[in-house]
Number of protein chains: 2
Amino acid sequence: MGRDGKPTKDKILTESKALVLANGFAGTSIDQILERTSITKGAFFYHFKSKNELAKALIKEHAMEDKAELDQALEKTEFLKDDPLDRLLQFVQEFIDMMSSLPAPYPGCLYASYIYETQNFGEEINDFICESISLWRATLEALLSNVLKEYNTKLEIDMKSLADLFKVIFEGAFIVSKALDEPDVIAKQLNHLKTYFELIFESKY
Amino acid sequence: MGRDGKPTKDKILTESKALVLANGFAGTSIDQILERTSITKGAFFYHFKSKNELAKALIKEHAMEDKAELDQALEKTEFLKDDPLDRLLQFVQEFIDMMSSLPAPYPGCLYASYIYETQNFGEEINDFICESISLWRATLEALLSNVLKEYNTKLEIDMKSLADLFKVIFEGAFIVSKALDEPDVIAKQLNHLKTYFELIFESKY
DNA sequence: TTTATTATACCAACTAGTTTGTTTAAATTT
DNA sequence: AAATTTAAACAAACTAGTTGGTATAATAAA
């Protein structure tokens with residue numbers, strides 16, 4: 001048994017994520033990370049063999065948290081599965097609640113941060129982000145298709161792209177929220193998505 | 001008088017913007033810009049006294065183009081001002097058309113790129129982005145308030161945040177579009193905004 | 001019309017500092 | 001004893017920014 005390196009590695013990941021969301025990945029130097037974590041260069045390169053390895057680890061951890069939130073919202077709304085529209089609406093509501101209860105302004109999304117400096121990362125990371133976003137698309141598609149079985153829509157709606165609207169609003173709301181320095185933008189924008197769903201699915205068969 | 005420097009400066013701005021949208025600002029080195037523009041360092045620093053001055057010039061140029069697009073859409077839809085809902089819908093349609101007719105995948109938005117490395121820029125640039133986004137909010141607020149005078153809404157809608165939804169969807173669609181490498185996401189998502197407006201404002205007084 | 005002047009535009013080479021990443025040896029924790 | 005961390009020095013590549021000089025073209029004076 002040697003000593004436990006997990007606290008150090010976790011600290012690197014936590015502080016790096018905050019720095020990357022504020023400065024971008026290329027705009028964050030390893031020295032900055034060392035300063036924030038109060039560790040040494042040796043310790044950093046013991047845990048990550050290169051800066052790009054840190055990039056991978058960061059996005060993978062973010063994707064795991066992201067998926068955990070998705071799964072949690074699915075789980076929490078499972079009791080509503082007999083009424084797929086209620087479930088869809090409550091699914092969105094879960095994220096509204098999550099964003100409302102945040103004490104500080106939400107720092108943003110690592111996917112978006114990476115997307116705007118794509119070229120610096122390898123194909124592996126870009127594919128990984130693509131898959132992560134696709135998971136949201138697939139999940140919303142499933143929720144929507146269940147609603148469609150029991151509800152009709154007044155207007156003709158493109159359901160495939162409607163599934164993307166969730167992440168679209170989330171990502172866009174982060175940007176506008178940060179730009180205007182108004183943390184409550186995120187919850188309010190998600191609320192519009194919920195209202196949109198309510199208006200689309202008006203009557204049961 | 002010496003020779004005309006405008007083509008050089010324009011080339012720097014054009015190529016820099018493309019590089020920044022792909023690599024981020026910190027992730028773009030001046031040497032990279034020199035390679036793309038086939039000019040020398042001396043010429044670069046003749047036109048921009050620092051890299052940060054380039055950042056300012058880039059965002060200001062982007063903001064000008066952004067405002068020009070906004071004004072153009074307002075102008076093009078002015079003939080519909082007697083029916084404010086038609087005008088609002090056509091206003092959105094203008095951007096759908098714009099995004100549909102683009103030959104290549106739209107490269108993204110410089111505001112968003114900067115927002116995810118805010119810390120590197122001065123307060124001046126951040127305030128500037130804030131004002132630029134606020135202009136969209138104010139414009140949509142005005143269009144919406146005209147609609148509200150003549151139409152009623154079934155559900156109670158938060159009109160202030162509804163004004164933000166335009167930019168939210170635009171920015172979010174850029175990110176999802178880039179992440180999935182699907183250029184048509186942008187037009188499709190804007191189409192949902194249009195449908196949302198249609199559903200909100202159902203009946204005239 | 002030629003010549004000199006001047007403001008602008010640009011180039012090539014250089015500098016000072018920063019970056020990621022390496023190395024080594026000792027110290028600390030389990 | 002094994003795994004983790006420190007400390008400090010180091011290198012190679014890259015970074016933003018500077019310097020001194022040159023080219024261009026319009027203008028003014030001869």
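How many salt bridges does a search of the whole structure find over all chains? The search finds 31 of them. Please keep in mind as you read that this is a predicted model. Chains A and B meet through 53 residues of chain B and 53 residues of chain A, and chain B can be laid on chain A with an RMSD of 0.1 Å. Below is a friendly tour, starting with one chain and ending with the charged pairs.

**Chain A by itself**

- Chain A has 9 helices and 2 strands.
- Read from the N terminus, the order of its elements is α-α-α-α-α-α-α-β-α-α-β.
- The C-alpha trace of chain A spans about 65 × 40 × 35 Å along its principal axes.
- Chain A has 205 residues, and 51% of them count as buried.
- If you take the contacts in chain A between residues at least 6 apart in sequence, 71% join residues at least 24 apart.

**How the two copies are arranged**

- In chain B, Gly172(B) has the C-alpha nearest the axis, at 1.8 Å from it.
- Both copies use the same surface, as 100% of the contact residues of chain B recur in chain A.

**The interface between chain B and chain A**

- Together the two chains bury about 4400 Å² between them, and 66% of this is on carbon and sulfur atoms.
- Which three residues supply more of the area that chain B buries against chain A than any other three? They are Tyr116(B), His192(B) and Leu199(B), with 18% of that area.
- Between chain B and chain A, 21 residue pairs are in polar contact.
- Helices H1 (6-23), H6 (110-115), H7 (123-150), H8 (159-180) and H9 (185-200) of chain B are the elements that give two or more residues to the side touching chain A.
- H8(B) gives the most to that side, with 16 residues.
- By residue type, the side of chain B that touches chain A divides into 27 nonpolar, 14 polar and 12 charged.

**A closer look at Thr195(A)**

- Thr195(A) is found in helix H9 of chain A, which covers residues 185-200.
- Is Thr195(A) buried or exposed? Its relative accessibility is 11%, so Thr195(A) counts as buried.
- Leaving aside residues up to four places away in sequence, Thr195(A) touches Leu155(B), Ile157(B) and Tyr196(B).

**Salt bridges across the interface**

- Side chains of opposite charge can pair when their charged atoms come close.
- The interface of chain B and chain A holds 2 salt bridges.
- Arg137(B) forms a salt bridge with Glu182(A), and the closest N and O atoms are 2.9 Å apart.

**Salt bridges within a chain**

- Glu15(B) and Arg36(B) meet through their side chains in a salt bridge, at 2.8 Å from N to O.
- Glu15(B) lies in helix H1 of chain B and Arg36(B) in helix H2 (residues 30-37), so this pair ties together parts that are 21 residues apart in sequence.
- Arg36(B) has a relative accessibility of 43% and therefore counts as partly exposed.
- Lys49(B) and Glu53(B) also meet in a salt bridge, at 3.6 Å from N to O.
- Within this pair, Lys49(B) counts as exposed at 68% relative accessibility, while Glu53(B) counts as partly exposed at 25%.
- Lys167(B) and Asp66(B) form a salt bridge too, with the closest N and O atoms 3.5 Å apart.
- Lys167(B) lies in helix H8 of chain B and Asp66(B) in helix H4 (residues 51-76), so the pair ties together parts that are 101 residues apart in sequence.
- In chain A, salt bridges that share partners join Lys49(A), Glu53(A), Lys56(A), Lys60(A) and Glu124(A) into one network.

Notes. Residues are numbered from 1 along each chain as its sequence is written. Chains are lettered from A and ligands numbered from 1 in the order in which they are written. This is a predicted model: local features need pLDDT of at least 70, side-chain atom pairs count only at pLDDT 80 or more; totals for chains, interfaces and linings use all residues. Side-chain values use heavy atoms; hydrogens and water are left out. Copies are superposed by least squares on the C-alpha atoms of residues with pLDDT of at least 70 in both. Contact means heavy atoms within 4.5 Å. Helices (H or I, at least four residues) and strands (E, at least two) are DSSP runs, numbered from the N terminus. Buried means under 20% relative accessible area, exposed over 50%, partly exposed in between (1.4 Å probe, protein chains only). Buried area is the accessible area (1.4 Å probe) that two parts lose on being put together, summed over both. A salt bridge is a side-chain nitrogen of Lys or Arg within 4 Å of a carboxyl oxygen of Asp or Glu. A polar contact is a pair of N or O atoms within 3.5 Å; within protein, one must be able to donate a hydrogen and the other to accept it, and residues adjacent in sequence count only if both atoms are side-chain atoms. Ala, Val, Leu, Ile, Met, Phe, Trp, Tyr, Cys and Pro count as nonpolar, Asp, Glu, Lys and Arg as charged, and the others, Gly among them, as polar.
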